[in-house]
Amino acid sequence: MSTVKATAATRAPRRPRRSKLGWNLLGLLVFVTAGFPVYWMLNTAFKPAKDAIDPDPHFFPSTFTLENFKRALDIADFWGPVTRSLLVSSVVVVIGIAVGLLAALAISRFAFRGRKIVIVGILAVQMVPLVAMIIPVFLLLNDLGQYDKLSGLIITYLTFILPFTVWTLRGFIVNIPKELEEAAQVDGCTPTGAFLRVVFPLLAPGMVATSVYGFIQAWNEYLYALMLMSQQNQTATVWLSNFITKNGTEYAPMMAGSTMMAVPIVILFLLVQRKMAAGLTAGAVKG
């Protein structure tokens with residue numbers, strides 16, 4: 001009997017180890033699945049153009065070359081579209097965070113008539129496919145004289161990034177207890193002072209995370225930039241279509257251009273990665 005108990009005691013700790021190993025393997029599988037397209041983009045960008053269309057692809061390039069990047073820069077203006085994309089994305093994020101924070105604060109902290117309708121409306125707007133609004137948006141911008149203008153593109157992007165910003169920030173604000181603000185007001189702070197000194201520091205990581213995701217949405221948007229902007233005012237995502245010619249698609253230079261386009265996003269993530277991690281638990285308190 002004692003031998004059986006001893007055997008059971010020695011086997012018990014193995015289950016958590018097996019479970020942990022299973023989760024690690026699953027995480028590794030997800031990482032490989034998500035990261036392989038990025039690796040293949042880099043692989044194609046640094047290999048000779050003829051190897052990019054080889055029917056027998058190689059997982060590792062036999063020869064590294066920078067000719068694809070040179071070709072990408074020569075095929076069309078690169079810095080113009082990138083500059084326009086940076087400008088549009090930055091302005092959209094700044095306006096979206098400024099307006100979205102006030103809206104999220106009002107929805108989260110104040111009770112007013114129609115509050116639930118506003119929340120449902122924000123969700124409903126995000127459910128509408130972007131392609132379904134392309135014709136009304138085109139007609140509206142044309143009537144306002146904003147067609148083929150960066151300001152019109154900024155207004156258009158705000159229509160779907162602002163609801164996302166409001167909804168996300170609302171989730172962060174709701175997780176911050178009202179008692180913290182009330183305690184600050186008891187100590188002599190005004191409502192504005194309590195928000196700036198207590199709530200805002202807890203909300204800052206969430207604002208950073210929301211800003212990054214909003215920036216990525218604006219940076220990667222293709223449909224509206226294609227339909228609302230001419231070739232002279234095209235953004236970075238539309239610029240990639242220059243590699244599709246009547247003779248076929250130049251895959252290697254296209255991947256080189258995609259790699260260069262990804263650099264600003266990578267730099268942004270490196271700069272705010274700590275705030276991004278903190279944003280996952282922003283406003284969390286014990287009890």
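**Reading cores, a pocket and a cavity**

Mentor: Start with W239. Beyond its neighbours within four places in sequence, W239 is in contact with A72, A76, D77, F78, P81, Q234, G257 and M260. Contact means heavy atoms within 4.5 Å. This is a predicted model, where local features need pLDDT of at least 70, side-chain atom pairs count only at pLDDT 80 or more, and totals for chains, interfaces and linings use all residues. Residues are numbered from 1 along each chain as its sequence is written, and side-chain values use heavy atoms, with hydrogens and water left out.

Trainee: Which residues have the most contacts inside the largest nonpolar core?

Mentor: First, the term. A nonpolar core is a set of buried Ala, Val, Leu, Ile, Met, Phe, Trp, Tyr and Cys residues joined through side-chain atoms within 4.5 Å. Buried means under 20% relative accessible area, exposed over 50%, partly exposed in between (1.4 Å probe, protein chains only). Here the largest core has 39 residues, and L101, L169, L203 and W239 have the most contacts inside it. Helices that each supply at least two residues include α2 (14-45), α5 (79-109) and α13 (251-279). α10 gives the most, eight residues. Helices are DSSP runs (H or I, at least four residues), numbered from the N terminus. Another core, of 17 residues, lies apart from this one; L141, L158, Y224 and A225 are among its members.

Trainee: What lines the largest pocket?

Mentor: On a 1 Å grid over the protein atoms alone, a pocket is an open set of points with protein on both sides within 12 Å along at least five of seven lines; a cavity is a set where a 1.4 Å probe fits but cannot get out; lining residues have an atom within 4 Å of a point. Grid points are joined across faces, edges and corners, and a volume is the space filled by probe spheres set on the points. The largest pocket has a volume of about 240 Å³. L105, R109, F110, K178, E181, E182, Q185, P191, T192 and F195 line it. α9 (178-186) gives the largest share, four residues.

Trainee: How many cavities of 30 Å³ or more are there?

Mentor: One. The largest cavity holds about 40 Å³ of space. Its lining includes S85, Y157, W219 and E221. α5 supplies the largest share, three residues.

Trainee: Where does D148 lie?

Mentor: Most residues other than glycine have a negative phi. D148 is not a glycine, yet has a positive phi of about 60°. D148 sits in the loop between α7 (134-144) and α8. At 22% relative accessibility, D148 counts as partly exposed.
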